[in-house]
Amino acid sequence: MWTDRGRRAAAVVGTVTRSRSSQAALKSQYDALVIGGGHNGLVAKGGVKTAVLERRHVLGGAAVSEELFPGFHFSRCSYLLSLLRPHITAELELKKHGLKVYMRDPHAFTPMLEEGVNGAPPRSLTLGADLAMNLREIGKFSQKDAKAFPEFVAYLDKLASAIHPLLDAPPVDIPGVTTGSLRKRLAAAKTLKPIVKCGLRLGRNIPDLYEIITAPIMKILNRWFESEPLRATLATDAVIGAMISPSNPGSGYVLLHHVMGELEKDMGAWGYVEGGMGGVSNAIANSARSYGVDIFTEKDVGQVLVGSDGAAKGVVLKDGTEIHSKVVLSNATPYVTFKNLTPQEALSPEFIKAVDQIDYTSPVTKINVAVDKLPNFLACPTPDNKPGPHHQCSIHLNCERVELLEIAYKEAVNGRPSTRPMLEMTIPSVLDPTLAPPGCHVVSLFTQYTPYHIEGREWTDQDREAYADTAFDWVEKYAPGFKASVVGRDILAPPDLERIFGLTGGNIFHGSMSLDQLYLARPLPSLSDYRSPIKGLYLCGSGCHPGGGVMGSPGWNAALTVIADLKRR
């Protein structure tokens, strides 16, 4: 039986343990199997015996902490926390299970590459929770923009908060509402509630939401602001992780997606998890174990078992071990799930063709850097290796003008890594001393734009090193001495993100967050309810609604669907 306790606790799983001895013995029969131990891996507790199977030596998917160099612990892929929905944090009691988050304020720092005037340092733009400080900072570039900024923030907050009901529930059950008996239609009509709540919250602002999710973000920003540093800084959130430029339609939604989160009841806030992003995965795993979930590392699933009746019956590992279950939930990307793990003869050619059309294009190369001293920026120098408030921010380099982002994008679209890449630097060790030895720091460089193939060929180690050198050369211009401080670096181009973390195409969202791959069409119109064409096989990863970055919500929403289906059996 699926108890109410099980319903409340259905959620995401991940951990960072390397210890095989701490794992329970793998059984041959479970009620539910989860492929992939990422943070969206669904578990079903409360009378339903569940196992999570992860192919790597660590669980957590992209939200992992790894010691890449002695004493230096990195959030190797995902690196900031925000879009973990509050009800998931509360119901899984993640703080009780070890989750600790360092809030960032200020949160954004954009230094200029320019000559200072009369001996003053170059200018910079710093933004945070203090509205008065924000207005002073923006006023350095435009008093008009400073006056408009509070209204712009209120405009974004209203749109973002209105969308929250859509994040916290599966999409509308269109077949249920439109077909079947009246009783079934009335039952399915309950799925309309979130979209009705969204509409009521928006009221007369519905046209504003429609515009921002369809428009290029520059159409919006040009209407509100005139100063390049502010427009470019805001535009970075409209392209982060996406192979689009600020002038592409749909970039407005990407900005909204990144501001709709909240942390510690602070709308739009992002924070560092103590110990790295593996800390949130570890807390979720601890919660799962408290309900009796078995979690396994180094269990590489080879294929989903499909019975003669066309329903999923379990999985077979690559070592030949068969594990049977009533349902299987895949936390892998839709491509991996249906092209690599599902018997092709069990799927129609039309469905396979549709899966092939899902867009996984990624612009991201992640570089993790160990340094023996803190970067010291010309625009905001600090003495004696001491951190300033700006060091805790997302530090935007090569972001003084929107034109720089456009040029970087066009180079990658033409098959070449950007020669002046957009760089988002974070230094979590400024707030979290557990990550690096005393006096040293871990630096994350989330960089764009880089193609999956370089002018049609595979990346080589020489290409990786050359691109990292280019990125470091630009950092050096803003913070002289950076290159000399580097004691180790880990370079993850799009193919590396795919190979190591299972991110098809290197896409951090499990599929592009484009308008044709959102809500009722994520990842495909036929898959938006988390059910696959194979009975008993479900998707529960970021490739589902509400998409990548909204930690836990795809798995949580998929849980509601699985529970409903099992109750009908």
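A residue is called buried when its relative accessible area is under 20%, exposed when it is over 50%, and partly exposed in between. The model discussed here is predicted.

**Salt bridge between lysine 318 and aspartate 300**

- The side chains of lysine 318 and aspartate 300 meet in a salt bridge with an N to O distance of 3.5 Å.
- Lysine 318 sits in the loop between strand S13 (312-317) and strand S14 (322-330), while aspartate 300 sits in the loop between S11 and strand S12 (301-306), so the pair ties together parts that are 18 residues apart in sequence.
- Lysine 318 counts as exposed, because its relative accessibility is 63%.

**Salt bridge between arginine 76 and aspartate 490**

- Arginine 76 forms a salt bridge with aspartate 490, and the closest N and O atoms are 2.9 Å apart.
- Since arginine 76 belongs to the loop between strand S4 (72-75) and helix H2 (86-91), and aspartate 490 to strand S19 (residues 486-492), the pair ties together parts that are 414 residues apart in sequence.
- Arginine 76 is buried, with a relative accessible area of 12%, and aspartate 490 likewise counts as buried at 12% relative accessibility.
- Salt bridges that share partners join Arg76 and Asp490 with Arg56 and Glu66 into one network.

**Salt bridge between lysine 27 and aspartate 294**

- In the salt bridge between the side chains of lysine 27 and aspartate 294, the N to O distance is 3.2 Å.
- Lysine 27 lies in the loop between helix H1 (4-9) and strand S1 (29-35) and aspartate 294 in strand S11 (residues 294-296), so this pair links parts that are 267 residues apart in sequence.
- Lysine 27 is partly exposed, with a relative accessible area of 38%, whereas aspartate 294 counts as buried at 7%.
- The count of salt bridges comes to 27.

**The second largest pocket**

- The second largest pocket holds about 1200 Å³ of space, and of the 38 residues that line this pocket, the closest to its centre are Asp173, Arg531, Thr561, Ala564 and Arg568.
- The elements that give two or more residues to the lining of this pocket are helix H5 (174-178), helix H6 (182-188) and helix H19 (553-568), and the largest share, 7 residues, comes from H19.
- Sorted by class, the lining of the second largest pocket has 17 nonpolar, 9 polar and 12 charged residues.

How values were computed
Residues numbered from 1 in each chain as written. Predicted model: local features only at pLDDT ≥ 70, side-chain atom pairs only at ≥ 80, totals over all residues. Heavy atoms only, no water. 1 Å grid on protein atoms, 1.4 Å probe; cavity = no way out; pocket = protein on both sides within 12 Å on 5 of 7 lines; lining within 4 Å. Points joined across faces, edges and corners; volume = space filled by probe spheres on them. Helix = DSSP H or I, 4+ residues; strand = E, 2+ residues; numbered from the N terminus. Nonpolar A, V, L, I, M, F, W, Y, C, P; charged D, E, K, R; others polar. Salt bridge = Lys/Arg side-chain N within 4 Å of Asp/Glu carboxyl O. Buried < 20%, exposed > 50% of the residue type's maximum accessible area, 1.4 Å probe, protein only.
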